[in-house]
Amino acid sequence: MRGACALAGVTVLIVVGAGVPGLVPVASADEDGGRPDLSRYYTQKIKWSACKGSTGAVAEATGHAGDVRCGHVTVPLDYGKPAKGTVDLAMIRLRSSASGKPRGSLLLNFGGPGGPGVSALAGSQKEFGYLSKGYDVVSFDPRGVGESAPVSCGDAADEASSGDGGTDDAAAVLAELRKVAAKCAADSGPVLPYVGTVNVSRDMDVMRQALGDKKLNYLGFSYGTRLGAVYAAQFPKKVGRMALDGVDTLTEPVAEQSLATAEGRQTALDNFLAWCTGNAGCVFGTDARTARQGMVRLIRDMDEMPLQAADGGEFTGQDVVGVLSQALYSRQAWPALSQALGGLLADGDPRALIRMSGGLGGGSGGISWRAGTVSSDEVPADNMAAALMAVNCADDPDRPDAARIEKEIGTLQKEFEEASPVFGKSMLTPVLLCFGRPAGTDYIRADVRDVKTPKLLLVGTRGDPATPYRWTEETAKRLGPQAVVLDNKGDGHTGYLGSTCVKDKVDGFLLYGEKPTAGTCPAE
């Protein structure tokens, strides 16, 4: 489970016949016992045109808008029953700068789940422009995300997570969780039951064909590594060059993922505070232990007494936690984070922190269902959080009943608090929010293993606050001998943009076909 787009600094399927409808393995049959007819989806071509709305404005601001085009592909809501309806998926292409014919397309997923690829690529052409030497660089908003029929829960999820997190009234918690699930279903429309990694993987194969590629060349970050692994299991003969950076787990349930992420973020925060107190001017002083205690006290005090804005809005301790979650993804953000925290503690001014987060996300009402894409300016403010929750729940077959939650909620709260006094509360919320939703797939846990593909390059970073390095080793072992691990000794979430060594090896593999070999990259 990732709490934010893997590259935020640049800007756990069902058993057939149970669980979430529509998330079916590749060889599923329709009601008449035959293979569903998907020919209309595999014969479409993408019509590229200038990007519009805020995406177009971002592309224009880079000065290379002429090289950036937007389009869409149409996919079935339900691959097992394609007559149920369709979804249009927003796509973006950075045209290849190769003097000759490019080797095809390179599809990017920036992570999440819930991270939009269209706006991310529009705003990071410089970072990924080198890859255009050999490819048309392409990204997309997965179903339920961004401009692709975005899901939403309105204000419900915010309200559910705004309590003190320590209530002993389990019945009240369960009642609130049921309300959240109902609100998400009402505001998201027909796409919600069909959101999840297995369906998105199948969508990527439709994209591959529509782009005119015989093989899928792919670069996935964080959650995008889970998506790439599922594609490799579903379509092994269609895999080209695939690199997975910040490797996600394929086996751990949502609760264990969240706990690992809380621990990882706490470690990253402790490292940040040790760095801060070792530099002159740190607002927390010169002692790291005192600084850790001060951070916990700051979060608690601001949850109890939030800062009030002139427009009536509030800035809470959990808002600070949200900013920390993003800023700790990149060590390069630490100086700015130190200054922003200084403004908050010394002057009660949260504006620098708010700027680091891109503004506070606030709630948003649902939008009416539409089969096509929506404008980038119409995406609900809570879409990333709502999509993250929807996908992680759809990918996880574990769904404890009310009696179990009532029995275990106190233990869970204590366990998450011990894992991280700062991030524990926020990371427990998504675990509870799966309650009231249908059980997810066991396909990923059971069947994504021992893939028969070309070599896959997996990058794991030792100091990753979101995807612990052990997930890289565990996933590589599950995928089998075709998975090759690059061990990045540095810090931060993912390695491609934070390590010249990682970037050089990934680029060499994707652009020039250099055979991936197990190795290490030093901390930089």
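A polar contact is a pair of N or O atoms within 3.5 Å. With that in mind, here are some close-up views of this predicted model.

**View 1. R478 and its polar contact with the backbone of R445.** A polar atom of the R478 side chain lies 2.7 Å from the backbone oxygen of R445. R478 sits in helix α18, which covers residues 469–479. With a relative accessibility of 13%, R478 counts as buried, because buried means under 20%. Leaving aside neighbours within four places in sequence, its contacts include L250, T251, I444 and V448.

**View 2. D450, beside R478 in the contact list.** D450 is among the residues that R478 contacts; their C-alpha atoms are 6.1 Å apart, although 28 residues separate them in sequence. D450 belongs to the loop between α17 (443–447) and β9 (456–463). Its phi is near 50°, a positive value in a residue other than glycine. D450 is partly exposed, at 42% relative accessible area.

**View 3. S222, another residue with positive phi.** Here phi is near 55°, and S222 is not a glycine. Look for S222 in the loop between β5 (216–221) and α8 (223–234), where S222 is buried with a relative accessible area of 0%.

**View 4. The largest nonpolar core.** This core has 106 residues, and L341 is one of those with the most contacts inside it. Helix α9 (residues 254–277) gives the largest share, 8 residues. Beyond four places in sequence, L341 touches F272, V283, F284, M295, V320, L324 and L353.

**View 5. A cis peptide bond at P113.** The bond joins G112 and P113, with omega about -10°. P113 is in the loop between β3 (105–109) and α3 (117–122).

Key
Residues numbered from 1 in each chain as written. Predicted model: local features only at pLDDT ≥ 70, side-chain atom pairs only at ≥ 80, totals over all residues. Heavy atoms only, no water. Helix = DSSP H or I, 4+ residues; strand = E, 2+ residues; numbered from the N terminus. Buried < 20%, exposed > 50% of the residue type's maximum accessible area, 1.4 Å probe, protein only. Contact = heavy atoms within 4.5 Å. Polar contact = N/O pair within 3.5 Å; in protein donor to acceptor, adjacent residues only side chain to side chain. Core = buried A, V, L, I, M, F, W, Y, C linked by side-chain atoms within 4.5 Å.
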